[in-house]
Amino acid sequence: MKVPSVTCGTHGRQPKTYVCQHIVQSLKDGEPKGFWWSRGPDGIWDAVCNECNALSQEDFDALGPDNIGVLCLGCFEDAAALNEVELD
Ligand SMILES: [Zn+2]
Ligand SMILES: [Zn+2]
């Protein structure tokens, strides 16, 4: 299955990833907030910060779509590196 792509100003055309807003923010302020990643069966990467990871699925879902941001895979890797997390 093909992963949808997104065009990033820094990294060009890249696979799309989904992260919580706090991780988007951490790329802006350079402050690590945790990086809990997973990769779905469809090949799509996603990640949440420490705070979101501590929520129950129900509480997380209650935050709604506003809590979810899209990053290119390059930015996703940058956010992982910021948190000293390795992707494999
Ligand atoms: Zn978060
Ligand atoms: Zn990027």
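The exercises below, each with a worked solution, concern a predicted model. Local features need pLDDT of at least 70, side-chain atom pairs count only at pLDDT 80 or more, and totals for chains, interfaces and linings use all residues. Residues are numbered from 1 along each chain as its sequence is written, while chains are lettered from A and ligands numbered from 1 in the order in which they are written.

**Exercise 1. Strand pairing**

Determine how β4 pairs with β2 and with β3.

Solution. Helices (H or I, at least four residues) and strands (E, at least two) are DSSP runs, numbered from the N terminus. Two strands pair if DSSP finds at least two bridges between them.

1. β2 (residues 12-20) runs parallel to β4 (residues 45-48), and two bridges join them. Tyr-18 has Asp-46 of β4 as its bridge partner.
2. β3 (residues 36-39) pairs with β4 in the antiparallel sense, through four bridges. Here Trp-45 of β4 stands opposite Arg-39.
3. The hairpin of β3 and β4 has five residues between the strands, and Gly-43 in this hairpin takes a positive phi near 85 degrees.

**Exercise 2. The buried face of α4**

Identify the buried residues of α4 and explain why they line one face.

Solution. A residue is buried if 20 or more other C-beta atoms lie within 10 Å of its own, exposed if 12 or fewer, and partly exposed in between; C-beta atoms are placed from the backbone.

1. In α4 (residues 73-82), Cys-75, Phe-76 and Ala-79 are the buried residues.
2. Viewed down the axis of α4, these residues fall within an arc of 105 degrees (taken from the directions from the helix axis to the C-beta atoms), so they line one face of the helix.
3. An α-helix has 3.6 residues a turn, so residues three or four places apart point the same way.
4. The elements covering the buried residues include β1 (5-8), β2, α1 (21-29), β4 and β5 (68-72).

**Exercise 3. Packing of α1 and α4**

Describe the angle and the contact between α1 and α4.

Solution. Axes are lines fitted to C-alpha atoms, for helices over the stretch in contact, and angles run from 0 to 180 degrees between N-to-C directions.

1. The two helices, α1 and α4, pack at about 75 degrees, with their axes 10 Å apart.
2. α1 and α4 are therefore roughly perpendicular (65 to 115 degrees) to each other.
3. Ile-23, Ser-26 and Leu-27 of α1 meet Cys-75, Asp-78, Ala-79 and Leu-82 of α4, contact requiring C-beta atoms, placed from the backbone, within 7 Å.

Technical notes:
Two residues are in contact if their C-beta atoms, placed from the backbone, lie within 7 Å. Angles under 35 degrees count as roughly parallel, over 145 as roughly antiparallel, 65 to 115 as roughly perpendicular and the rest as oblique.
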